[in-house]
Amino acid sequence: MGISIRLRIRRKLAAVAAAAVATGLLGGAVGCAGGLGGAVSGGTASGSGTGALGASAPGRSASPRPTSQANDGVPAVGRSGAAAALDWRTASGGRTVALTFDDGPDPVWTPRVLDVLARYHAHAVFCEIGPQASANPALVRRILAAGDRLCDHTVHHDEAMHRLPAPRMTYEITGAQRMIQTAGGPGTRVGWFRAPGGDFTPTIRRIAAGHGMRPLAWTVDTRDWSRPGVAAILAHVRAELRPGGIVLMHDGGGNREETVAALRQLLPWLQQQGFRLDFPAA
Ligand SMILES: [Zn+2]
């Protein structure tokens, strides 16, 4: 089901964002503590959320920067206590980094990502598509058993969620949360929500926070979904990573051979650079 839907998804990577990233400007702006979107929304994705590139890439998962980032009008805390403001940084700050993997769990690629993480005693957040969690409950439980954490990535991976009527929006968010919790078993916590394509409107963020999930952004877009080559994936990290940053990668949505290979090099590189892995702020 997810595949056919994703075939129709338009890519939304904004040309402005790409240019900013190429010069390393964006990563710096985002990485600043307290920058919290203001500096980013001005220079990156347009308010419309429709990027300038718009090229189709069947079967792949887009990873544009969050397209709706202003926190205006969003209460700081949702009904269940999660903050509705976009989460741009690690819990500890300082020289830490959080790794996040979207679009799984995938029976081929998620185990390989977990194997590499385990080899380096590294942990990550997995942003899962509900039906894929339902189809791969053992993988969800393996993620939890490894000490990694879970994030809701909707039921249908619609990258234009803001166009949905509110009840449908709520279903996309809470339906996937339930599927992930059921797959993980009793007590499973889903601490974050990541909107597909970064389509974080105030309403979407408020719904997620109201169900206990902090909206989770990113500061480093590896663009691994586009399979640009291992060297390019690593170059994106080197160019954009700042202390406290959140790295976006993918363990689903297509062939992730490059992601796995990049991760094998990324983890020792992070260690050499003195980065400690952390989770995003709660
Ligand atoms: Zn995704």
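Arg223 is buried, with 20 other C-beta atoms within 10 Å; a residue counts as buried if 20 or more other C-beta atoms lie within 10 Å of its own, as exposed if 12 or fewer do, and as partly exposed in between, with C-beta atoms placed from the backbone. The model is predicted, and local features need pLDDT of at least 70, side-chain atom pairs count only at pLDDT 80 or more, and totals for chains, interfaces and linings use all residues. Residues are numbered from 1 along each chain as its sequence is written.

Arg223 is located in the loop between β6 (220–221) and α10, where helices (H or I, at least four residues) and strands (E, at least two) are DSSP runs numbered from the N terminus. Phi of Arg223 is near 55°, a positive value in a residue other than glycine. A positive phi, near 55°, is also found for His121, which lies in the loop between α5 and β2 (124–128). His121, however, is exposed, with 9 other C-beta atoms within 10 Å.

Helix α10 (residues 230–240) contains Val237, a buried residue with 22 other C-beta atoms within 10 Å. Beyond its neighbours within four places in sequence, Val237 is in contact (C-beta atoms, placed from the backbone, within 7 Å) with Val220, Thr222, Val247 and Leu266. The C-alpha atoms of Val237 and Asp221 are 7.5 Å apart, at a sequence separation of 16 residues.

Gly198, in the loop between β4 (190–193) and α9 (202–210), is buried, with 26 other C-beta atoms within 10 Å. Pro105 occupies the loop between β1 (96–104) and α5 (109–119), and the peptide bond from Gly104 to Pro105 is cis, with omega near 0°.

Definitions and conventions:
Two residues are in contact if their C-beta atoms, placed from the backbone, lie within 7 Å.
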